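Here is a short report on a single protein model. Please look over the sequence and the structure before reading on.

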Amino acid sequence: MIFRQLFEPVSGTYTYLLGCPETGQALLIDPVVNAIERDLRTLQELGLRLAWTVDTHIHADHITSALELKKRAGSRIAAPAPDRLPCADASLEESMPLQVGSVSIRGLHTPGHTDGHFAYLLADRVFTGDALLIDGCGRTDFQNGDSATLYRSVMQKLFTLPDETLVYPGHDYTGRHVSSVAQEKARNPRLGAGRTLEEFQRIMASLGLPYPKFIDYAAPGNRQCGACPHELPQELQKYCGEMAQSPQG
Ligand SMILES: [Fe+2]
């Protein structure tokens, strides 16, 4: 398998490129619209044709490039079925494989950060989106998030994977790339080392995080599989990159 972990610095998002060397087909997990040129160039350099894009959830901190990649690269859009996106070409039910040549991922419904959130499992790797980050997790105070639900998702769906499973998160803000189920179980300060549900709920309730500055644009844009809004305040135009200059529908 061809594998690349690609970082988008404006939102601190990791995009994952999975490619099949035999068929030359590729899949992108969580592509970001302002990094679209980088992603298209990377695919071209690797001699891969983008077959599918898939998002872990309706993001609030960046806009997916799923729709733009469909227009420019001819890829199809897969999304978690609970998100009920009319713009998706395929709605993934839990455990339903998404196949690109010899590469196959399976969704794990891991609600709590958002209600429709999926992690994706690929052999000994799991792409955890915002359900589980290295030494952390996504916030649970927007988008039908719920801390008790996230606790159960992590304990029942992610921490039950084999210890050696590699954890590839949806974000990291301090330059870390990969962890493992064993590492997160042992030392994640929110969810590891035997944290109880009550402790986790207390931690999540006392984070005191600011209102997400891009959510009012990103969430509706992502419900359209990645539409940049027509009128974006100057300070937010970096989230749409070149798309901000040529507004999309
Ligand atoms: Fe998120």
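Which residues of helix 1 are buried? They are Ile36, Arg38, Asp39, Leu40, Thr42 and Leu43. Buried means under 20% relative accessible area, exposed over 50%, and partly exposed in between, with a 1.4 Å probe and protein chains only. Helices (H or I, at least four residues) and strands (E, at least two) are DSSP runs, numbered from the N terminus.

The buried residues of helix 1 pack against strand 1 (2-8), strand 2 (13-19), strand 3, strand 4 (49-54) and helix 2 (66-73). Contact here means heavy atoms within 4.5 Å. Just after helix 1, Gly47 has a positive phi of about 70°.

## Basis of the values

This is a predicted model, in which local features need pLDDT of at least 70, side-chain atom pairs count only at pLDDT 80 or more, and totals for chains, interfaces and linings use all residues. Residues are numbered from 1 along each chain as its sequence is written, and side-chain values use heavy atoms, with hydrogens and water left out.

Asp30 is not a glycine, yet its phi is positive, near 55°. Asp30 sits in the loop between strand 3 (25-29) and helix 1 (36-45). Asp30 is buried, at 3% relative accessible area.

Cys225 is a further non-glycine residue with positive phi, about 65°. Cys225 lies in the segment after helix 6 (215-223). Its relative accessibility is 3%, so Cys225 counts as buried.

His113 is buried at 8% relative accessibility. Asp130 is buried at 6%.

Strand 10 and strand 11 (residues 166-169) run parallel, joined by four bridges. Two strands pair if DSSP finds at least two bridges between them. Arg125 stands opposite Leu166 in strand 11.

Strand 11 also pairs with strand 12 (residues 179-180), in the antiparallel sense, over two bridges. Here Leu166 stands opposite Ser180.
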